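Work through the exercises below with the structure in view. Try each task before you read its solution.

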Amino acid sequence: MLKKLSLISKSSDRRISYPLISIMVAASLCAGTASPTQAIPWRELIFQGVQMMSISNLSDRQEVELGKQINQQLLRKGDVKLYPDRAANEYINRIGQRLVAASPRSDIPYTFQVVEDDSINAFATMGGFVYINTGLMKAADNEAELASVVSHEIAHITERHAVKQLRRTLLAQGLATAAGVDQNVAVQLGVELALRRPKSRQAEFEADRVGIETLGRAGYAQSGAITFMEKLLRKSSPPSFLSTHPATSARISQMKQMINPEFAYNGDGLDERRYQVIVSRLVP
């Protein structure tokens, strides 16, 4: 009988100690925060409970799930306002899926969304989520130019730039431990990285190279990548699309060397009149 009571007592102790351990782990993550400007609701996260995940060897499935949660946060908080026109979203998705099929990483699901915003911008977060502003659609002269931007953002995903950036930031700010990182913390930081943190010079050059290669393999004229960047660079005030991308003139110079002469103008998407008719109907 005493032995039975002892087992019950130990079981109860375990049930009580597990939540306490979770709270202690979360508290230790909070204490390691280096930047007071992150605006992550630490107390709220503690009482929500802690779900630890390893950031060092994130699987494709985990990355996609993390991307879904980041996307939900972006939409719920109002950081991103989706453009409700179904035809516009189908148009971007059609371009995106064509490029994905020619990309080095076509084995995860991709989600392409049009953002209702007149600024010239596009971005991507981990797990296959790509966002294209209506302002960027209007700024492009043809479909090849638009596709070049979509392809560039896909390349950030294929090369897992957001995952690498998240890992570096978590380690630098002391938010990761030997046990891993709280998934809620990773989601909140992933939102901030998607919206406010520029990619590294190396990541941008890599996304340019992979994006241009993908553009050509998908059958688009690779020249669209150059003409679009050159046009934006000539603007009196650089758009937000370039403000988070370093060394624009240097990138254009390198992009010209990346283009395969065979696919420079020999491809789809150069019909400007057709494109303007489509876009004026989709995003008037």
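Predicted model: local features only at pLDDT ≥ 70, side-chain atom pairs only at ≥ 80, totals over all residues.

Residues are numbered from 1 along each chain as its sequence is written, and side-chain values use heavy atoms, with hydrogens and water left out.

**Exercise 1. Count the helices and strands in the chain, and find the share of buried residues.**

Solution. Start with the elements. Helices (H or I, at least four residues) and strands (E, at least two) are DSSP runs, numbered from the N terminus. The chain has 14 helices and 5 strands. Next, burial. Buried means under 20% relative accessible area, exposed over 50%, partly exposed in between (1.4 Å probe, protein chains only). Of the 284 residues in the chain, 50% are buried.

**Exercise 2. Is strand β4 enclosed or open?**

Solution. Take residues 129–133, which form β4. Here 5 of the 5 residues are buried, so the strand is largely enclosed by the rest of the structure. Now check each face. In a regular strand the side chains alternate between the two faces of the sheet. Phe129, Tyr131 and Asn133 cover one side of β4, and Val130 and Ile132 the other; all are buried.

**Exercise 3. Which strands pair with β4, and in what sense?**

Solution. Two strands pair if DSSP finds at least two bridges between them. Strand β2 (residues 111–115) runs parallel to β4, with 5 bridges. There, Val115 has Asn133 as its bridge partner. Strand β3 (residues 122–125) is antiparallel to β4, with 4 bridges. Ala122 stands opposite Ile132. Finally, look at the hairpin of β3 and β4: 3 residues lie between the strands, and Gly127 takes a positive phi near 80 degrees.

**Exercise 4. Which residues have the most contacts inside the largest nonpolar core, and what does Met137 touch?**

Solution. A nonpolar core is a set of buried Ala, Val, Leu, Ile, Met, Phe, Trp, Tyr and Cys residues joined through side-chain atoms within 4.5 Å. The largest one has 46 residues. Leu99, Ile132, Met137 and Leu146 have the most contacts inside this core. Now list neighbours. Contact means heavy atoms within 4.5 Å. Not counting residues up to four places away in sequence, Met137 touches Tyr91, Ile92, Val114, Ile132, Leu146, Tyr275, Val279 and Val283.
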